[in-house]
Each structure stands twice: as C-alpha cells, then as structure tokens.
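Subject: Structure for your files

Hello,

Here is the structure we spoke about.

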Amino acid sequence: MVSMYPAGSLRTTPMGVTEPRAIVSCPPCQLPLEAARRPWLLAFLAAASLLLYLLPASAFAQQQTSQQELGSRSLPDSPLPTSYPQNPTAQTPPVENSATVAGTVLDVSGATVSGADVWLLRGDGSQLHTMLSEANGEFAFAKISAGSYRVTVNAKGFSRFTSAEFAVAAQQAYQVPDVSLSVATANMELTVRPTEFIAAEQIRAEEKQRLVGFFPNFYTSYIYDAAPLTAKQKFSLATRGTFDPVAMLGIGFAAGIEQATNAYSGYGQGAAGYSKRFAAKFADGRSSDFLTHAVFPALLHQDPRYYYQGSGSVKSRIAHAVSSAFLTRSDTGRTVFNSSYFLGDLSAAALSNLYYPKANRGANLVFTNTAVGLAGRVGTNLMREFLSKRLSTNVSGNGKL
C-alpha cells in the first residue's frame with residue numbers, strides 16, 4: 001500500500017526505527033485536484049468519458065443494422081424459411097384429378113377405328129365419362145382421380161369390347177392395352193311364313209294392276225318367282241276378275257258388235273236379240289274364266305297366271321309369250337303342259353251348245369270357240385310381255401332379272 005504524505009516527513013517503523021518517508025509523485029492523481037481548482041476542466045473530462053462510453057454501443061448497432069439492410073437488399077423476394085417434417089411423402093402430397101387414361105381403338109387387322117363410342121367406367125361398373133374415338137382411333141380421358149377403372153368400346157359392325165379392370169395412381173398416364181374390336185357375329189332373324197300368306201300378299205298387289213289405270217290386269221305376275229296359289233286363292237282371284245265392273249262393260253261392247261253384224265242371227269235383233277247376245281257372252285266369259293283359272297288349275301295343281309319375263313332378246317320374249325299359252329307352272333314350280341287352259345276352253349265351248357242358237361250348235365261351235373280362246377290367249381300374252389308393264393299401274397315386280 002502506498003501512502004501519500006507531505007514531502008520531508010518521517011516514518012516510524014513497527015520496531016521503533018525512525019526513517020524518512022518516501023515521496024511518491026502521482027501526476028494523474030493531481031488531475032482531480034486541478035479539476036477542482038478549474039471547473040471547465042472537470043466538465044470536459046465528464047463529457048469525454050460519456051463519449052467514450054456511448055461510442056462502442058452506437059457503432060455496434062450501426063454494424064448490425066447495415067448487415068440486416070444488406071441481407072434484405074440481396075434477397076428482396078426470398079420467403080421466410082419454413083420448417084417441414086423430414087418425411088418426403090408429407091412434403092409432396094398427391095394431387096387429385098391428375099391422372100390420364102388413354103388408348104387406341106383398333107380392329108383385328110390392326111387398322112384404327114374412328115367414331116367408336118368409348119366409355120370410362122369405375123370399378124363398380126358405374127359410368128364416369130364417354131367420348132368418341134378420334135380419326136386415328138385414339139381416345140384420352142384427362143383429370144381422372146386415382147382408383148380402379150374399366151374401358152368399354154362399342155362400334156357399328158363390331159362386337160363390344162370391355163377391358164380388364166385396372167388401377168390408376170395419382171399423376172399417372174395410363175395406357176389401356178390391346179383395345180381390339182372383333183367383327184360382330186351376324187344375328188340373322190329368319191321369319192318363316194307359309195307360302196299361303198306370301199301368295200295372299202302378292203294377289204292383293206296383282207288386284208291393283210290395271211291397264212291405263214282402267215282395264216283389269218290381274219293375271220299377269222311381274223314377280224317371276226311368285227308363290228304358288230292355293231285352290232281357294234285361285235277361285236278368289238277368278239271371281240275378282242270375272243265380275244269386275246270393267247269386265248261387264250266389255251261384255252256389253254262385244255254383244256253390241258255381234259248385234260251390229262247380226263252374228264248368231266238366231267238371236268234376232270232388237271232388245272231381245274241384244275239381251276240374248278249379252279247373256280251368251282257373259283256365260284262364255286264366266287265359264288271360260290272359272291274353268292281355265294280356277295276349276296282345272298285347282299284340280300290339276302297348275303298356276304293360271306302369266307309370268308312376265310321382261311329381259312333377254314325380243315325373240316326369247318316372243319317365244320316365252322307364245323309358249324305360255326301351251327305351257328305353265330305346276331304348284332311345285334315345274335314347267336308342265338297347260339292342260340288347264342286347253343280343257344277349260346274346250347269345256348266352256350261345249351257348254352255354249354246349251355245357249356247358242358240351234359243353227360250354230362255342234363262340234364263346229366266347240367272347236368271354233370276353243371280356237372278363238374287359244375288365239376286370244378296368245379295375243380294377250382304378247383301384249384302382256386311387251387306393253388302391259390308400261391301401261392299398267394301399281395306394277396309390283398320387274399320380271400325375270
């Protein structure tokens with residue numbers, strides 16, 4: 001410990017020895033004394049001490065602020081750091097409706113099929129989306145959620161295709177494999193109808209056929225392979241044609257010609273003569289029609305109609321028309337001698353001996369009427385073959401093609 005005493009003073013030691021005191025000079029310690037004698041110096045020292053105390057703290061604060069401003073200017077848009085769990089799955093959660101299901105529709109040859117109906121079905125079979133395949137056969141369903149699906153494809157002329165069930169994960173682009181359509185099995189529905197019903201339909205069509213829309217043309221079949229007629233249908237058609245109103249007009253016209261030429265003079269003239277001639281022509285036509293078109297065809301199983309050929313050379317068509325007066329079809333479709341016409345004409349001529357004048361009766365009348373009937377049939381067949389189709393209304397066929 002250093003004590004400060006006045007200069008020149010003595011110090012007594014603990015052993016009783018007196019020695020001179022040491023004079024220690026302490027210039028700094030003199031500053032307070034000087035400051036006390038000079039007030040302005042004391043104020044200066046206080047201000048300097050305060051300045052030295054505040055200067056380090058202010059400089060440190062300025063340094064920290066500068067560092068923060070520098071960091072802020074270098075990364076103006078940087079987000080604040082965020083802490084995530086270390087689990088990668090939790091860091092990238094799956095996105096809903098992010099998967100895609102696509103494929104290409106092909107046939108068995110590998111060619112693409114456009115315009116096919118494509119359905120996307122859920123695993124439980126409920127329909128989700130539908131679309132048509134593109135021109136290149138491709139289809140694609142976007143924005144699909146993860147799950148189990150099936151694809152069903154249907155196109156005209158092909159059997160329906162259904163894929164196996166498949167699973168799609170989030171963000172997966174799934175390609176449906178082997179979308180191949182096979183040719184559809186032909187489903188043939190065969191309706192078997194008795195020929196009687198077919199023939200009835202054809203008869204109804206024939207009964208609408210009229211030359212120039214007026215004269216009946218019922219016994220011309222423009223369907224070359226028409227169904228055979230039953231016995232009942234043969235009589236029905238004969239009745240329909242024989243008692244047609246136009247046929248009655250024809251009978252009246254023919255009786256008038258005979259009246260004018262005084263044919264079968266035994267009938268006489270006047271109203272009585274005309275009535276007898278009308279009755280004779282009516283009996284001739286009705287007996288001939290029924291015997292040649294119904295009675296004998298039913299007994300002999302022959303078809304009474306003329307079958308329009310309509311094709312081939314003119315010579316072949318003429319031969320067909322002429323021969324049809326002597327040949328006809330059987331109900332089984334075979335070509336046979338037309339005995340129905342021959343026996344019908346002969347029988348009708350024989351019956352005419354019952355009502356013609358006695359002077360005109362006999363074998364000559366029978367053969368004359370038979371020949372007239374045969375010649376008339378040949379002429380009628382030629383007209384049917386070459387003119388009737390053009391002149392007839394409601395023609396229901398085109399002949400032999």
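The notes below cover the pockets, the nonpolar cores and some strand pairing.

This is a predicted model, in which local features need pLDDT of at least 70 and side-chain atom pairs count only at pLDDT 80 or more, while totals for chains, interfaces and linings use all residues. Residues are numbered from 1 along each chain as its sequence is written, and side-chain values use heavy atoms, with hydrogens and water left out.

The largest pocket holds about 1,500 Å³ of space. It is lined by 38 residues, and Gly-285, Arg-286, Ser-288, Asp-289 and Thr-380 are the closest to its centre. (A pocket is an open set of points on a 1 Å grid over the protein atoms alone, where a 1.4 Å probe fits, with protein on both sides within 12 Å along at least five of seven lines; lining residues have an atom within 4 Å of a point. The volume is the space filled by probe spheres set on the points.) Helix 10 (363-391) is one of the elements that supply at least two lining residues, and its share of nine residues is the largest. Helices here are DSSP runs of H or I with at least four residues, and strands are runs of E with at least two, numbered from the N terminus.

The second largest pocket has a volume of about 310 Å³. Of its 19 lining residues, His-320, Ser-324, Leu-327, Thr-328 and Arg-329 lie nearest the centre. Helix 10 also supplies at least two residues to this lining, as do strand 16 (306-307), helix 8 (314-323) and strand 17 (327-329).

Cores

The largest nonpolar core has 21 residues, and Val-151 is among those with the most contacts inside it. (A core is a set of buried Ala, Val, Leu, Ile, Met, Phe, Trp, Tyr and Cys residues joined through side-chain atoms within 4.5 Å; buried means under 20% relative accessible area, with a 1.4 Å probe and protein chains only.) Strand 5 (117-122) and strand 8 (147-154) are among the strands that each supply at least two residues of this core. A second, separate core of nine residues includes Ala-199, Phe-218, Ala-238 and Ala-294.

Strand pairing

Strand 5 runs antiparallel to strand 8, joined by six bridges; Arg-122 has Tyr-149 as its bridge partner there. Strand 5 is also antiparallel to strand 6 (residues 127-132), through five bridges. (Two strands pair if DSSP finds at least two bridges between them.) Strands 5 and 6 form a hairpin with four residues between them, and Gly-125 in the turn has a positive phi of about 95°.

Regards

Note on methods:
Buried < 20%, exposed > 50% of the residue type's maximum accessible area, 1.4 Å probe, protein only.
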